[in-house]
Amino acid sequence: MHAGPWHSSATAGPVDDYLYSMLPKRDDVLAEMEDYASKHNVPIVGPAVARVLQQLALMINAQSVFELGSAIGYSTVWWAQAVGEKGRVVYTDGDPKNATRARSYFDRAGVSKRITIHTGDALEFLSEQKQQFDIIFNDVDKEDYPRVLRLVSPRLRKGGLFITDNVLWSGRVAEKNPKQAETKAILEFNRQLYNSQEFFTTILPIRDGLAVAWKK
Ligand SMILES: C[S@@+](CC[C@H](N)C(=O)[O-])C[C@H]1O[C@@H](n2cnc3c(N)ncnc32)[C@H](O)[C@@H]1O
């Protein structure tokens, strides 16, 4: 059994266990981060989604990634490994304690030089960016998702990827009369993303749902 707090809503049960059993062993630092997240209920993407993120980055030869909502830096390390020595990843989180913990993991994983750490509001920091990134990864508070979407396009290169976690929200997106503000925000976000003429979007139903939007 490979249970962790990142386990799936979309593929629960034996299929989920099978998917996780197929994953290659992670290196010591990533394994320690998974362990810490599990013990302290830090909502990381987990290894199955992280592997998709890294694969997508490798497929488009991404050299620059902007991450909104990085927590202890678990997904950040996977990005940093994908972009290689010359690549750059922007870590953002509102909680300075997360950033301190993340920094020590980055040092130990040997990827510090590839990562810029920003503590503060991720949306504000993205809005200040003058460059275009290869990938923008969205994992902040769910009520902010529609606002994130409005910021992304000018800061993403043509052919780049806008990737968002938790877009199935433990299946709540399928409720008949959703009341929760987060669910409503995610529904609005998914609708706008699919309808956008700027992006070609699919939702991968892995774990809690990963939206992958390719900028045309
Ligand atoms: C789901 S966790 C990120 C997990 C991380 N992406 C991973 O998979 O390893 C979300 C994080 O986003 C941070 N956060 C939420 N809204 C934010 C905002 N507007 N600006 C900066 N950080 C934010 C929270 O502090 C939290 O640590």
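I take a surface patch to be made of residues with over 30% relative accessible area and no salt bridge, nonpolar side chains being joined within 5 Å. The model I am reading is predicted.

**Entry 1, surface.** I looked for a nonpolar patch and found one formed by Val15, Tyr18, Leu19 and Met22. Together these residues have about 400 Å² of accessible area. I placed Val15 in helix α1, which covers residues 14-21.

Next I listed what surrounds the ligand and got 19 residues. The closest are Val45, Asp93, Asp121, Ala122 and Asp139. Sorted by class, this shell has 9 nonpolar, 6 polar and 4 charged residues.

I then checked contacts to nitrogen atoms of the ligand. Asp121 has a polar side-chain atom 2.8 Å from a ligand nitrogen. For Ser75, a polar side-chain atom lies 2.9 Å from a nitrogen of the ligand. Gly69 uses its backbone instead: an N or O atom there is 2.9 Å from a ligand nitrogen. On its own the ligand has 600 Å² of accessible area, and the protein covers 87% of that. I also asked which elements give two or more residues to the shell, and noted α4 (74-83) and α6 (122-127).

My count of aromatic pairs, with ring centres within 6.5 Å, comes to 8. I looked up Phe66 and Phe125: their ring centres are 6.0 Å apart and their planes stand at 35°, so I logged the pair as tilted. Phe66 sits in strand β1 (residues 64-68) and Phe125 in helix α6.

Notes:
Residues are numbered from 1 along each chain as its sequence is written. This is a predicted model: local features need pLDDT of at least 70, side-chain atom pairs count only at pLDDT 80 or more; totals for chains, interfaces and linings use all residues. Side-chain values use heavy atoms; hydrogens and water are left out. Patches are made of residues with over 30% relative accessible area and no salt bridge: like charges are joined within 9 Å, nonpolar side chains (Val, Leu, Ile, Met, Phe, Trp, Tyr) within 5 Å. Accessible areas come from the Shrake-Rupley method with a 1.4 Å probe; for residues, only the protein chains shown count as cover. A salt bridge is a side-chain nitrogen of Lys or Arg within 4 Å of a carboxyl oxygen of Asp or Glu. Helices (H or I, at least four residues) and strands (E, at least two) are DSSP runs, numbered from the N terminus. A residue is near a molecule or strand if one of its heavy atoms lies within 4 Å of it. A polar contact is a pair of N or O atoms within 3.5 Å; within protein, one must be able to donate a hydrogen and the other to accept it, and residues adjacent in sequence count only if both atoms are side-chain atoms. Ala, Val, Leu, Ile, Met, Phe, Trp, Tyr, Cys and Pro count as nonpolar, Asp, Glu, Lys and Arg as charged, and the others, Gly among them, as polar. Rings of Phe, Tyr and Trp (its six-membered ring) pair if their centres lie within 6.5 Å; planes under 30 degrees apart count as stacked, over 60 as edge-to-face and the rest as tilted.
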